[in-house]
Amino acid sequence: MSLTSSQDILLSQPRILSDEERAVFLKEAVDLFTRKRQGHLIHRCYLTPKALYYGGLFSSRPESYMKAGELCVIPRAANSISEISRHPFGVIGIENGPGMRSAMIDKSIPFFSRLAGLHTWVGRDSSLASIDIMDDVMGSALPNIRIIPDVSDFNKAAFPNGLGKGRKVMAEFGMTRGNMEGFPEDGFPYHVMKADMLSHRSRLNEGDIYTYTYDCNQNGKEVEKAYNSQPTTMWGRELLRTMKYELPIKGDFDPDSYDFRNEWVASSYGGFNYMIAQRRMQFEISQVPITIERGEGWGITNSFKMPLDFAQSLADETGYRMKMHLSHDKRIAQPAFIVA
């Protein structure tokens, strides 16, 4: 009796997307391989437990932005934001893209546990794998806090109903804010940052706070060293595996024949994350024929490193007051944007 092939095992797994989401994912994948869009798949990169696991391995490396100072900035920023967010009815914590278990432990819990009067925590994520662990991770760490997992596109969807009264403190950590789509020649997507801040502001009230961490590092060699690793290759391959069993792909499409590569483009303030084919492949996706030559790459995500001085300009242009928090080397920033 022959062993069951890895392909058979793959195809026997239950689908994780609804028909509607799968149709959107299919268009995104076609746009990726036909180069109509690049860097637009971050919301598909954490759909499975394995993807969360590989992302955690990447973030724990000493070269990562987390180890470079994010974990030090978050508690200090939390203490500061706790003071300015005090409210007679307490605080509603809202986190966009909590993601991995390790990220919740290292960042979400140290931040939200320091907010005085916190009575509710809302975790907003498009990944069901992330949603599934929120009650366990956040509920265990914040036992007297109401935990609300929310499957949503947090840049567009309204908040869940029934959050109660109080000051809203909305946070994004890690790669969440820097992952914006675009081609290297397009430059830094300042307009996207501005539009997202205005969108968030429309759902917040006067005195509410929006905060995120970001890596200001403009040293291209350091950025590439931080991202180019075996964990990121496995993370990218997991995205391609998800494509293979969720989407109608026919022919020679082998996720294990791609390697991850980050390329820094100083003029765009960004690292562009490609999956590079290690051999020639021909396949068809949604009846669109694709030929990939060895060495060709497709940009699955982008990792923009916003210059420090952009934050004040964004605050001025979108109706927030800002209080900045920095790591000692000024590489990692966590501004608190207060709705004016």
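Before you start, note that the model is predicted: local features need pLDDT of at least 70, side-chain atom pairs count only at pLDDT 80 or more, and totals for chains, interfaces and linings use all residues. Residues are numbered from 1 along each chain as its sequence is written, and side-chain values use heavy atoms, with hydrogens and water left out.

**Stop 1: α7 and α10**

Select residues 190–202 (helix α7) and 310–318 (helix α10); their axes come within 10 Å and cross at roughly 50°. That angle makes α7 oblique to α10. Here, axes are lines fitted to C-alpha atoms, for helices over the stretch in contact, and angles run from 0 to 180 degrees between N-to-C directions. Angles under 35 degrees count as roughly parallel, over 145 as roughly antiparallel, 65 to 115 as roughly perpendicular and the rest as oblique. Helices (H or I, at least four residues) and strands (E, at least two) are DSSP runs, numbered from the N terminus.

Now show the side chains in the contact (heavy atoms within 4.5 Å). From α7 come Y190, M193, K194, M197, L198 and R201, and from α10 come F310, S313, L314, E317 and T318.

**Stop 2: α2 and α9**

Next, select helix α2 (residues 19–33) and helix α9 (residues 230–246). These two pack at an angle of about 120°, with their axes 11 Å apart, and are therefore oblique to each other. On the α2 side you will find R22, F25, A29, L32 and F33, which meet L239, T242, M243 and E246 in α9.

**Stop 3**

The term means a side-chain nitrogen of Lys or Arg within 4 Å of a carboxyl oxygen of Asp or Glu. Being 3 residues apart in α9, R241 and E238 are separated by about one helical turn. Both are buried, meaning under 20% relative accessible area, with exposed being over 50% and partly exposed in between (1.4 Å probe, protein chains only).

**Stop 4**

Jump to D150 and R124, where the closest N and O atoms are 2.8 Å apart. D150 sits in strand β3 (residues 146–151) and R124 in strand β2 (residues 118–125), so this pair ties together parts 26 residues apart in sequence. Both D150 and R124 are buried.

For another pair, select E83 and R86, with 3.2 Å between the closest N and O atoms. R86 is partly exposed, at 48% relative accessibility.

Finish with D215, E222, K305 and R331, which are linked in a network of salt bridges.
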